[in-house]
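Okay, thanks for making time, everyone.

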Amino acid sequence: MKSSKLPGTLVDMDLSARPNLATFIGENYMASQSSGGCVYELSPAALHQLSGRKPIFPSLSRPVKSLKADLNGDGLKDILIGEFGRFTGQLSWAQASKNGTYKKHILRPVPGIIDFMITDVNGDNKADIYALFAQGDEGIFLFRNLGNGKFDTEKVLSFPPVYGSSSFELVDFNQDGFKDLLYTCGDNADLSPVLKPYHGIYIFFGDEKGKFRKSFFYPMNGCYKAIARDFDLDGDLDIASISAFPAASSPWEAFIYLQNQGNLSFKGFTLAKNVPFQKGLTMDSGDFNGDGKIDLLLGNKYYSSDKTGKSQPLFMLLRNTSSVSKKTK
């Protein structure tokens, strides 16, 4: 087995890119003014070769994600980079050239970028960008592609700086043909680590004009991420969610599954008491065993609140055992 010392903490990989993009946040992920983050082009099978390669983007301020896409319509794959930073940070894109070099352009020169996704908002075949920012000016921003590398910025949702924005997804939750926003807030490792009644899962319904209105809220202490998928195979979207900061009196909040009952009514489930999962730091979905059902991979935080000192597994696979069912109209 081959191994290699990594240039910091690996936080994201764009596996759709060829070659893949690997984003390293730096020496550790703790809040700092570090500029030791970097982005490499490589294959996951070649991580052991990192020691002999140079990053395509060095000296980044705690980057959290990088993604390849043709952003200016010239046929070349550019790279979108989010640097969370601390007091400084930014969302930028690197324009690719035919000789393999890149020229960076700043989209928003403020810290706190959490996540972003690329989509075509108005069907003009241009790559638009939705991005979630935390820190001082929390909100979801739309960077509308005007062509030729130009973007217009619109803040589509705004949140107070104490919310601790943690994740978002763009989905058609009510199946009306318009994209909705599934949003979570719950980062409680800031300057006010107390329980907050507004932490949890939100759904904002979108309309034909691209505007969003709050339509659903489920309180969940320390909510860190939510995924909307048809887990029970009945034709509508359910929600799987995790919390990195559950309340001491409700450790079961580390994972909650909301089964869609229709009309924004949900039935909640959680893990059994003996399942060692206390602090949900990351989560992803996919058909891991090839049976046509969407499973979940949960990632535990690196420490637990278990006073016995017992270690917990870093990852946990939840296999979907749902049977095909259809809702009656």
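So, leaving aside its neighbours within four places in sequence, which residues is Ser 167 in contact with? Keep in mind that this is a predicted model. The list runs Leu 132, Leu 182, Tyr 183, Thr 184, Tyr 224, Lys 225 and Ala 226.

Ser 167 sits in strand β13, which covers residues 165-171. Is Ser 167 buried or exposed? Its relative accessibility is 8%, and the cut-off for buried is under 20%, so Ser 167 counts as buried. Two of the contacts I just listed turn up again when you look at polar atoms. The side chains of Ser 167 and Thr 184 are joined by a polar contact of 2.6 Å. The Ser 167 side chain also reaches the backbone nitrogen of Ala 226, this time at 3.5 Å.

Now zoom out to the sheet. Strand β13 belongs to an open sheet of 4 strands, in the order β13-β14-β15-β16, and the pairing is antiparallel. Which strands are at the edges? Those are β13 and β16, the latter being residues 212-219, and each of them pairs on one side only. On average, neighbouring strands in this sheet are turned by 20° against each other, if you ignore direction. As a reminder, strands of a sheet pair through backbone hydrogen bonds.

Inside that sheet, β14 (residues 180-185) and β15 (residues 200-206) run antiparallel and are joined by 5 bridges. If you want a pair to click on, Cys 185 has Gly 200 in β15 as its bridge partner.

Why do I call β22 largely enclosed by the rest of the structure? Because 5 of its 6 residues are buried. β22 pairs with β21 (residues 280-286) in the antiparallel sense, over 6 bridges, and there Gly 286 stands opposite Asp 295. β22 also pairs with β23 (residues 315-318), again antiparallel, over 4 bridges. In that pairing you'll find Leu 298 opposite Met 316.

Last topic: charges. How many salt bridges does the count come to? It comes to 10, and I'll show you a few.

One of them is Glu 41 with Lys 68, where the closest N and O atoms are 2.7 Å apart. This pair links distant parts of the chain, with Glu 41 in β3 (residues 37-42) and Lys 68 in β5 (residues 63-69), 27 residues apart. Both Glu 41 and Lys 68 are buried.

Another is Asp 137 with Lys 155, at 2.4 Å from N to O. Asp 137 is in the loop between β10 and β11, while Lys 155 is in strand β12, so this pair ties together parts that are 18 residues apart in sequence. Asp 137 is partly exposed at 36% relative accessible area, and Lys 155 is partly exposed too, at 32%.

Then we come back to the strand we started with. Arg 229 and Glu 169 meet through their side chains in a salt bridge of 3.1 Å, N to O. Arg 229 lies in β17 (residues 223-229) and Glu 169 in β13, 60 residues apart. Arg 229 counts as partly exposed at 24% relative accessibility, whereas Glu 169, at 12%, counts as buried.

Key
Residues are numbered from 1 along each chain as its sequence is written. This is a predicted model: local features need pLDDT of at least 70, side-chain atom pairs count only at pLDDT 80 or more; totals for chains, interfaces and linings use all residues. Side-chain values use heavy atoms; hydrogens and water are left out. Helices (H or I, at least four residues) and strands (E, at least two) are DSSP runs, numbered from the N terminus. Buried means under 20% relative accessible area, exposed over 50%, partly exposed in between (1.4 Å probe, protein chains only). A polar contact is a pair of N or O atoms within 3.5 Å; within protein, one must be able to donate a hydrogen and the other to accept it, and residues adjacent in sequence count only if both atoms are side-chain atoms. Contact means heavy atoms within 4.5 Å. Two strands pair if DSSP finds at least two bridges between them. Axes are lines fitted to C-alpha atoms, for helices over the stretch in contact, and angles run from 0 to 180 degrees between N-to-C directions. A salt bridge is a side-chain nitrogen of Lys or Arg within 4 Å of a carboxyl oxygen of Asp or Glu.
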